[in-house]
Amino acid sequence: MATGVYNQAIGAFQSNSHINNFNHQHKFNCIGRLVVTKDFFSSYGLSKRDLRVSKCIEYQTSVVDSVSSPSRSKTSDRDTHKKSNEAALILVRHGESLWNEKNLFTGCVDVPLSKKGIDEAIEAGKRISSIPVDLIFTSALIRAQMTAMLAMTQHRHMKVPIIMHNESEQAREWSQVFCKDTNTKEHSIPVIAAWQLNERMYGELQGLNKQETAQRYGKEQVHEWRRSYNIPPPNGESLEMCAERAVAYFRDQIEPQLLSGKNVMVSAHGNSLRSIIMYLEKLTSQEVISLELSTGIPMLYICKEGRFIRRGSPVAPTEAGVYAYTRRLALYRQRLDDMLQ
Ligand SMILES: O=C(O)[C@H](O)COP(=O)(O)O
């Protein structure tokens, strides 16, 4: 088993060495090499001898520059939350929607996933199926919620995601669960839908065809509306305006959960996630222009002592990629393997 695990990890990491799935020039890249540390050996009760170390190739995983949360005020209460816990943060843009399929500007119009988007959401679930998720945040839009729910159908822990209804006292009362067993973290995952995570509002472009709009207003103007930081579409939100709600929500509601050690998945949208990634990776308003997110591709960050380390896009469960991310994720995956044997 030992050699198998080791080879799996190496194989996964090598195939995953392209893990930087953001197609933008970034200030750091992952070097596709893996340190097989003494921790790795001991976490499997292995001695180097067991793995015939002479055959082990020294791999070095080095995120040349791990992302860290932007410096905050000295008195920030987040500093008091900084714990040695490590937590996984999965960000996933919804699968293709019916309006993505028609190449229409969508923004806050609430359209569902296309058949391809449903397949993308299920594939995303397979890719994160061995990564812990204790809490899910989605936007208030159905395409993000469908993506989260479909992805969770593939998770190996088989917990039931339950959307929390706190919009009124009656909603809270009528959605209570009275059986203590089913409502435990062993059996269910709370899902919180927040409008603050909605896609940027595209104003008068919503419903227009992107190609026709480019022909009408010019490619450069449309690219500026779509990708610039502080230039809004007509009567719509700029990325900066979207960040004011999405990043504020992330810092106030999601980051404290991560700092307390909770593993979180956020299923949201191209631009609300671009604004969050801009915050996590301290991208400049120039760098964020070239940041594009594909539909249905999960991205993994490790949150450790208030710092966010981008680990790329998880691989499918057939590979041992999770073993290459962190020891804690490897042990979680091992527990799943043992539980499901
Ligand atoms: O809102 C939309 O149209 C898409 O979800 C994102 O559009 P964009 O890629 O043009 O920002």
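Me: What is the relative accessible area of Glu 305?

Reply: The relative accessible area of Glu 305 is 39%, so this residue counts as partly exposed. Buried means under 20% relative accessible area, exposed means over 50%, and partly exposed is in between (1.4 Å probe, protein chains only). This is a predicted model, in which local features need pLDDT of at least 70, side-chain atom pairs count only at pLDDT 80 or more, and totals for chains, interfaces and linings use all residues. Residues are numbered from 1 along each chain as its sequence is written, and side-chain values use heavy atoms, with hydrogens and water left out.

Me: What share of the 341 residues in the chain is buried?

Reply: Buried residues account for 52% of them. The chain has 13 helices and 9 strands; these are DSSP runs numbered from the N terminus (helices H or I, at least four residues; strands E, at least two).

Me: Where does Glu 305 lie, and what is its phi?

Reply: Most residues other than glycine have a negative phi. Glu 305, in the loop between E8 and E9, has a positive phi near 50°. Lys 282 also has a positive phi, of about 50°, and is not a glycine. Lys 282 is in the loop between H11 and strand E8 (298-304) and is partly exposed, because its relative accessible area is 41%.

Me: How do the axes of H8 and H9 cross?

Reply: Two packed helices are described by the angle between their axes and the distance between the axes. Here, the axes of helix H8 (residues 210-217) and helix H9 (residues 219-227) cross at roughly 125° and come within 6 Å. Axes are lines fitted to C-alpha atoms, for helices over the stretch in contact, and angles run from 0 to 180 degrees between N-to-C directions. Angles under 35 degrees count as roughly parallel, over 145 as roughly antiparallel, 65 to 115 as roughly perpendicular and the rest as oblique. H8 and H9 are therefore oblique to each other.

Me: Which residues of H8 and H9 meet?

Reply: Contact means heavy atoms within 4.5 Å. From H8, Lys 210, Thr 213, Ala 214 and Tyr 217 meet Lys 219, Gln 221, Val 222, Trp 225 and Arg 226 of H9. The residues of this contact divide into 4 nonpolar, 2 polar and 3 charged. Nonpolar covers Ala, Val, Leu, Ile, Met, Phe, Trp, Tyr, Cys and Pro; charged covers Asp, Glu, Lys and Arg; the others, Gly among them, are polar. The buried residues of H9 are Val 222, Trp 225 and Arg 227, and they pack against H8 and H11.

Me: How many aromatic pairs does the structure hold?

Reply: There are 5 aromatic pairs. Rings of Phe, Tyr and Trp (its six-membered ring) pair if their centres lie within 6.5 Å; planes under 30 degrees apart count as stacked, over 60 as edge-to-face and the rest as tilted. In one of the pairs, Phe 250 and Tyr 279 have ring centres 6.0 Å apart and planes at 65°, so the pair is edge-to-face. Phe 250 is in helix H10 (residues 239-259) and Tyr 279 in helix H11 (residues 270-280), so the pair ties together parts 29 residues apart in sequence. Both Phe 250 and Tyr 279 are buried.

Me: Which residues form one aromatic cluster with Phe 250?

Reply: Phe 250, Tyr 279 and Phe 308 form it. The rings of Phe 250 and Phe 308 have centres 6.0 Å apart and planes at 55°, so this pair is tilted. Phe 308 lies in strand E9 (residues 307-312), so its pair with Phe 250 of helix H10 ties together parts 58 residues apart in sequence.
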